[in-house]
Structure formats: C-alpha cells, structure tokens
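Student: I would like to learn how to read the contact between two chains. Please take one feature at a time.

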There are 2 protein chains.
Amino acid sequence: MVVKTDPKDDKHLREDKVHSETVYDGHFLKVRKDRVRLPDGREAGREYIVHPGAVMVIPILDDGRLLLERQYRYPMGRVMLEFPAGKLDAGEAPLHCGQRELLEETGYTAREWAYAGVLHNAIAYSDEGIHIFFARGLVQGKQRLDEGEFLELVTHSTTQLDALAASGELTDAKTLIGLLWLTRWQDGEWALEWRKS
Amino acid sequence: MVVKTDPKDDKHLREDKVHSETVYDGHFLKVRKDRVRLPDGREAGREYIVHPGAVMVIPILDDGRLLLERQYRYPMGRVMLEFPAGKLDAGEAPLHCGQRELLEETGYTAREWAYAGVLHNAIAYSDEGIHIFFARGLVQGKQRLDEGEFLELVTHSTTQLDALAASGELTDAKTLIGLLWLTRWQDGEWALEWRKS
C-alpha cells in the first residue's frame, strides 16, 4: 500500500491546464478558475488565489531576543503575534523586500542577513510562497508604517516563543516555521550563510 | 520603541466592521469584501477567503516512521509532500474529520489520537485554521479516495523529514509545523494527551 516512485515521474499525479480565467480581480485578491485534465483523463475545476509572494524576517537583537509584531488581522478577528512580513512589490528581489519591510514596520536595519528558504502556506488554494530571512546586527531607527497600518512591536526570547507555541497562543503558520528554523539553527542542525548588507 | 501593552487592551490596533459583502462565491472559494473602521477612525477595505477550516493528521507507524502523501497541488504546479489533511464538513468535529481524512486518503485507522493545537496559515487573507492531530497504533485498510483525487503514500523517518525541510524539498507550511510539533514532542518539550479511539 505504501508506494514509492521516482519523484521525477509524476505523470500519474499531474493535472494539466485546459482553460484558465480570472473570476475575481479585487483590490488585494485575485482569483483564477481553471479547468484541468486529471491523470485519468477526466476534467475538474480548480480555483486559487494568484499571489505575488511574500517575505518574512526573523530579526535577532544583539541580546538574543527576537523582534516581533502584534497586528490586528481582520480575517482572524483578533491581534496576532508574528514576525515582520510583507508582500513582494512587482519585480522586487526578496532580500530587498525583507529589508524594506523590516525598516517600514519596525524601524530597524540589519548589518547581516541570511536566507533560510521558502514556505508555501496555502497549497490547496494559493500560489503564495513566503521567503524566510534571518537578520542580525540590528540598528534601531524610525518606523515608517504605511497609511492605515497599525502594529505594535514586542520582543521575546526563543524560549518564550517556544512556550507561546506550545500553549496555543502563537498560531501564525509563518511564525511557527520561523521558530522551527530558529531552534534548528541554534541547535547547529540547519545551516545559515550570513552576508553583510 | 519596543512597546509592551496589555494584550487585552487592543483598541489601538482593532479594526471594526462597517459593511460586508460576498464578492465571489465559487465552487471552492468564497471571497468577502468588508469596509472596516481603522483605529484612527478612517475607513479601509479588507478582502478575504471564508474557509470552513481543516484538519491535518501526523500518522506515526509502529516502527516510528511517518505516513505522508505526495499530491499534485495545482496552484503550485507540482507535487508536494505533505501530511494527510482535509477540509471540515459543515458541523463536523475536528477529530472526526481527521479520522475520516486519514481513512479516505491513506486507508489507515488509528487506535490512539492526540490533539496538538491549531495553526492559522494565511492570516492576511483567509480565516482558515488547521487543527493538528497525532495518530498512532495505525492499522492498514483500504484507501477510499474521492473521485478525481490522486495521491501517493510515502513514509519517512523524522530524521529524513528534517533533512527534506533543511534542504528546501519540504516547503508545505502545515507539514513543517507538523515537523516542529513532532520534534518538540519527541524531545519531551511539548506535551500530548493520547486518547483511545
């Protein structure tokens, strides 16, 4: 029952596009509805968000504490604890987006950056990928929030963040994956390549 | 600059609904567009997916290996490695959904279940929450895939899964958070309460 096949040969799983149309083109969300051909030759519909991609930054203060945000997330109906993050502008390099969002949302710049990887947060209905960066050598400046953006900065140690995740107070997926990266890197298990900015 | 306030007093961050309408009601996705009042009294628009919620199961085989799926995710344009998961039916209890999805997608039933917590995977534009369950004491039966559902079962040790995450081959957010839960539980840091099913 447990079958292992060559990952390169995914013809038995692949869905091919037959037709595609934009069915909702809003201010923030764009929804596409495609017809696809299934592996057995039959057709099915697929609806999904077309997203520009995003960047999350894990900012480590010189004393080892982490810089996070408390931000009201309207779909959730409450304030969420999360690492700084934001959407990529058209054509923007992920590192530039991380530096821009960290500065705008927190006022901090960082002397060193490291790229960790990408996460895909809603693979059933969105093509969004969130690039994960670490930042250290933080230098405090002035927050430059977008108009209509309200958030509060907080700091936590890795241990505190771990306890908030275990107790169910921290539930934001990207931030939980930031915690995974942090602990694995601190344990010397996952490697980061730091670069001066 | 780093401010800590009482989490209960979030008036300075809260957004209140002024108006709400469904702007897209598809076969799978439902999009709402709301007008909200910001903390400074001005108004802004918010678009988001209304989602029924979902369940992910972390199935542990008797030899300690984990049961995962390889499934073509059309928005990503490729096969993704992930723990079994599925959407809640209307009014369905999360545990029932986890048991149903595990049986349908993998053919396995489990003698013991433990609830880990919830994750929120797209807080900027979806109200989706994914409940996380562990399952052990697995008994193999017959897969009952929905029509048009194609997936492949694979097994990995926690060590293998960890290596796939570090190398960037495993990028699905819920599955990465499953790995976080697994390693923290195996380390004796995060507790699970197992119940016979």
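Student: Which residue forms a salt bridge with Glu147(B)?

Tutor: A salt bridge is a side-chain nitrogen of Lys or Arg within 4 Å of a carboxyl oxygen of Asp or Glu. In this predicted model, Glu147(B) pairs with Arg42(A), and their closest N and O atoms are 3.4 Å apart. The rule finds six salt bridges across the interface of chain A and chain B.

Student: What should I know about the numbering and the model?

Tutor: Residues are numbered from 1 along each chain as its sequence is written, and chains are lettered from A and ligands numbered from 1 in the order in which they are written. The model is predicted, so local features need pLDDT of at least 70 and side-chain atom pairs count only at pLDDT 80 or more, while totals for chains, interfaces and linings use all residues; side-chain values use heavy atoms, with hydrogens and water left out.

Student: How is the size of an interface given?

Tutor: Often as the accessible area lost when the parts come together. Here buried area is that loss (1.4 Å probe), summed over both parts. Chain A and chain B bury about 7200 Å² between them, with 64% of it on carbon and sulfur atoms. Counted by contact (heavy atoms within 4.5 Å), 81 residues come from chain A and 81 residues from chain B.

Student: Is His120(A) buried or exposed?

Tutor: Buried means under 20% relative accessible area, exposed over 50%, and partly exposed in between (1.4 Å probe, protein chains only). His120(A) is buried, at 8%. Residues that His120(A) touches include Met76(B), Arg78(B) and Asp172(B).

Student: And Val36(A), buried or exposed?

Tutor: Val36(A) has a relative accessible area of 0% and is buried. Among the residues that Val36(A) touches are Arg42(A) and Tyr74(B). Glu15(A) is 21 residues from Val36(A) in sequence and 5.9 Å away in space, C-alpha to C-alpha.

Conventions. Buried area = accessible area lost by both parts, 1.4 Å probe. Lists of a residue's contacts leave out its neighbours within four places in sequence.
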